[in-house]
Amino acid sequence: MSLGLVEDRLVFEKSRAGRRGVTLPASDAGEAPLESLLPGGALRNAPPALPELSELEVVRHYTRLSGKNFGIDTTFYPLGSCTMKYNPRVHEYGASLPGFARVHPLQPDETVQGFLALAHSLERALAEITGLAAATLNPSAGAHGELTGVLMVRAYHHDRSEPGRDTVLIPDSAHGTNPATVTIAGMQVQSVKSGPDGRVDLGDLREKLGTLGGRVAAMMITNPSTLGLFEIRIGEIARLLHEKGALLYMDGANMNALLGIARPGDFGVDVMHLNLHKTFTQPHGGGGPGAGPVAVGEKLVPFLPVPRIVQEGGAYRRREDFPKTIGRVRSFQGNPGVFVRAYAYIRSHGGEGLRKVTEAAVLNANYILARLRDAYDLAYPGPCMHEAVFSARRQVKQNGVRALDIAKRLIDLGFHPPTIYFPLIVPESLMIEPTETEPKETLDAFVAAMLTIAGEAAEEPQKVKDAPVTMPVTRLDEVRAVKQPRLRWRPR
Ligand SMILES: *Cc1c(COP(=O)(O)O)cnc(C)c1O
């Protein structure tokens, strides 16, 4: 067996009875029996089945394993809708400063003035970027921001004695969290069709507004949409909703296409969330902490969640005494490190720099679109915004090669797969978001890989269908992997 294969074994398979990481000299404090130190109920009957290895073996095992991971620091990560951009290292310096990393949420305000000042400035910056009146940093992620926003919309209508507004309109291209949010907020979802150009079908919107009338609380719209398209009639959509007393919620997950170019508040949006772990470079992908700040127009300011950070005299305070607030949406105020990174990002770019971020992100996506449009069908005619959405329908028709196969084959060629099978209205969808941080050489290498796969799909389809062949785990039975997941090692 080659050394590589020995090293690739599971940590349990490498275990040898009695092997230890550290062996200490015998204690001179005397040996107290465990029973005298712990109550009987807390003692195990048998030792746990832990692997037994030397420290060097453990170090090698996990160092090797970490190299098998895909990450933005090692590979191009074109996961559409997720904005997997580079996370600048200087952000980590700021986030690890003791004044941010070691604060406790119950510390008195006067002892955390630096953190409160930063959080308040970040709220102001996000309000400015979105063109809205105020923002809260409290929600923990995009989906949580959606819930916070929709609860504010509901509170707004109740406050105006219109509790019958219980329906939210959502385009059929939306991210799944949008209808889930509305349902969890105790409201009804009404889907609105997309037209042939992939944008909201205004005829269908007018019809839904006509039949539902006073029941519409809001429309939730993603702009640019999950199809990578800007809703060019957004002003008209806002006007139609406002005429009927409804509000416009914008899912701001795709703000990487608008920074410094367009402000949602200026085109009629009343409330929106941002994903600090997408647009504003908080590292994500491993389920780590994120934040989904919500920005609101004047109408919704009274309903913002608490605590709110206010500046009074020369000092910052957290206040909860707002009579119309929807209350708390989480125990405290989020993870300071997340806010420090986002703030560092905004300040280190400045307004002009953020505009360039967006220009480069949109340019990169359109480069991919232009280079791949002959090999793969476009979901909708370009140009696109921050992401290019293709369909593998031609490959399916030719030789039965699906979007999933193409995604798996990319792994063999060294790339993280793009998002597939979303948005739901695109059959065999491949959604590619390069972001602004990728150099042209990387995009060219990715394009070359996608063209290779298109060639294979036509000439040697089995090769694509069998991928990946270079990974420790090759093709899984997708259904069995869901129904009978084997997520841990068990002794034979
Ligand atoms: C990522 C995303 C969400 C959800 O955000 P989370 O931070 O993952 O909860 C919602 N809508 C769109 C369009 C997204 O891309």
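In this predicted model, an oxygen atom of the ligand is 2.6 Å from an N or O atom in the side chain of H277, a polar contact in the sense of a pair of N or O atoms within 3.5 Å. Residues are numbered from 1 along each chain as its sequence is written, and side-chain values use heavy atoms, with hydrogens and water left out. Because the model is predicted, local features need pLDDT of at least 70 and side-chain atom pairs count only at pLDDT 80 or more, while totals for chains, interfaces and linings use all residues.

The side chain of S81 places an N or O atom 2.7 Å from an oxygen atom of the ligand, and a polar side-chain atom of K278 lies 2.8 Å from an oxygen atom of the ligand. Taken alone, the ligand exposes 380 Å², of which the protein buries 87%, with accessible areas coming from the Shrake-Rupley method with a 1.4 Å probe.

Around the ligand there are 13 residues, and S81, G142, D251, H277 and K278 come nearest; a residue counts as near if one of its heavy atoms lies within 4 Å of the molecule. This shell divides into 3 nonpolar, 7 polar and 3 charged residues, in a scheme where Asp, Glu, Lys and Arg count as charged, Ala, Val, Leu, Ile, Met, Phe, Trp, Tyr, Cys and Pro as nonpolar, and the others, Gly among them, as polar.

Helix α8, residues 142–159, gives the shell its largest share, 3 residues; helices (H or I, at least four residues) and strands (E, at least two) are DSSP runs, numbered from the N terminus.

Some details of the backbone remain. Most residues other than glycine have a negative phi, and most peptide bonds are trans. T281, in the loop between β6 (271–273) and β7, has a positive phi of about 65 degrees although it is not a glycine. The peptide bond from V306 to P307 is cis, with omega near 0 degrees, and P307 sits in the loop between β7 (294–296) and β8 (308–312). A cis bond with omega near 0 degrees also runs from A467 to P468, where P468 belongs to the loop between α16 (461–466) and α17 (478–483).

Methods
A polar contact is a pair of N or O atoms within 3.5 Å; within protein, one must be able to donate a hydrogen and the other to accept it, and residues adjacent in sequence count only if both atoms are side-chain atoms.
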